[in-house]
Amino acid sequence: METGLARKTGIVTGAGSGIGAAIASRLIAEGANVVVADINFEAAEAQVEALRSEGGNALAVRANVVYEAEVVAMVEQTVSTFGAVHILVNNAGLTRDMRITKMTDADWDIVVDVILKGSFHCTKAVLPYMNEQKWGRIINISSRAHLGNPGQANYSAAKAGLIGFTRAMSLEAGRNFVTVNAVAPGIINTEMIRSLPHWDKIRENAEKTTPIPRVGEAEDVADAVAFLASERASYISGDVLHVTGGRY
Ligand SMILES: NC(=O)c1ccc[n+]([C@@H]2O[C@H](COP(=O)([O-])OP(=O)(O)OC[C@H]3O[C@@H](n4cnc5c(N)ncnc54)[C@H](O)[C@@H]3O)[C@@H](O)[C@H]2O)c1
C-alpha cells in the first residue's frame, strides 16, 4: 500500500533510543528523511549512523525539548537540511515513579515539562511550516497511563494532558490539512520499562492479563505512527490509537 511518505521529512524527538528509534527506522524504511532529535546527542548520532547504513537520509540533532530556543534551532536545522518539515512525532518522555506523598516538585516538574511543555514547543515551532505547505502530521506519544496508574500521578497527568493537547491542536490545525493524533502504548519492551525494579514480574503479569498475551515491542508502536503519518490517514484527526494488545 502506497504510504506517500517517500521524500517527506519527519522530526522524531527522543529518537536516540527505544520507541523513538524504532519510529525513526520505520519512517526511513518508507523513504522519509528523518531528524533524530534527543537530549542525548551521542545516542542520536549512533541511531543516525545505523539509519545511514540502512541507506536512509538522517540527521542527528541535540535538543532538550523543554527549552524553546533549542526546539526552534532544531526545526530551523531540519528545514535548512531537508527543505521542509512534514511530520512531527512528540515522543520524548521519561518517568519519575513514586507515591504522591514522596513525590517532590522536581519529580513533578521534569515529567510534566518534558511531556507537555516539550510537545507544546515542538508543535508551535513546526506548525507555521505545515500550515504554509497545507500538509502536516503531528503524532503525540501518550500512554495507556492516561487512564491513571498508581505511582505515576505525574506521568498519568502529563499523558492525559497530552490527549487534551492533541484534541485542541487538531481543531486549530485541521483547516490547513494538518492532522494531529495521539498513540497510547501499553507495556512496551524498552529500556524505560526494563529498568523498573520488578520488570520480570511486570512482564509475566502482562503475558497473563493482556488479551494478546505478550508485551509490546517498539516496532508495534512504530507501525501505528507510520500509519497515522501516511497519506492513508489523511481524514483521521484528534484521535487516540491504543497500542496495548487490547489491555485497558
Ligand atoms: N516503554 C513503554 O512501555 C511506554 C509505554 C507508553 C508510552 N511510552 C512513551 O513512549 C516514549 C518513548 O519511551 P521509551 O520507552 O522509548 O523510553 P526511552 O527512555 O528508551 O526513550 C526516551 C528518549 O527520550 C529522550 N529524552 C528524555 N528527555 C528529553 C528531553 N528533555 N528532550 C529530548 N529528548 C529527551 C531520552 O534521552 C531517550 O532517548 C515516551 O514518551 C514514553 O512515555 C513508553
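**Strands and crossovers**

Student: Which residue stands opposite Val 34 in S2?
Tutor: Strands are DSSP runs of E of at least two residues, helices are runs of H or I of at least four, and both are numbered from the N terminus. S1 (residues 9-13) and S2 run parallel and are joined by 5 bridges, where pairing requires at least two DSSP bridges. Opposite Val 34 stands Gly 10.

Student: Which helix does the chain pass through between S1 and S2?
Tutor: This β-α-β crossover is right-handed: with the strands pointing away from the viewer, the path from the first strand over the helix to the second runs clockwise. The chain leaves S1 and reaches S2 through residues 18-29, which form helix H1.

Student: What kind of model is this?
Tutor: Residues are numbered from 1 along each chain as its sequence is written, and side-chain values use heavy atoms, without hydrogens or water. Local features need pLDDT of at least 70, side-chain atom pairs count only at pLDDT 80 or more, and totals for chains, interfaces and linings use all residues, as this is a predicted model.

Student: How many residues of S2 are buried?
Tutor: Buried means under 20% relative accessible area, with a 1.4 Å probe and protein chains only. Asn 33, Val 35 and Ala 37 point one way, while Val 34, Val 36 and Asp 38 point the other. In a regular strand the side chains alternate between the two faces of the sheet. Strand S2 (residues 33-38) is mostly covered, and its buried residues number 6 of 6.

Student: Why does Ser 119 count as buried?
Tutor: Ser 119 lies in helix H4 (residues 105-133). It touches Asn 90, Val 114, Leu 162 and Phe 165, apart from residues up to four places away in sequence; contact means heavy atoms within 4.5 Å. Ser 119 counts as buried because its relative accessibility is 4%.

Student: How much of the ligand's area does the protein bury?
Tutor: An oxygen atom of the ligand is 2.9 Å from an N or O atom in the side chain of Lys 159. An oxygen atom of the ligand is also 2.5 Å from an N or O atom in the side chain of Thr 190. Taken alone, the ligand exposes 820 Å² (Shrake-Rupley method, 1.4 Å probe), and the share buried by the protein is 91%.

Technical notes
Buried < 20%, exposed > 50% of the residue type's maximum accessible area, 1.4 Å probe, protein only. Polar contact = N/O pair within 3.5 Å; in protein donor to acceptor, adjacent residues only side chain to side chain.
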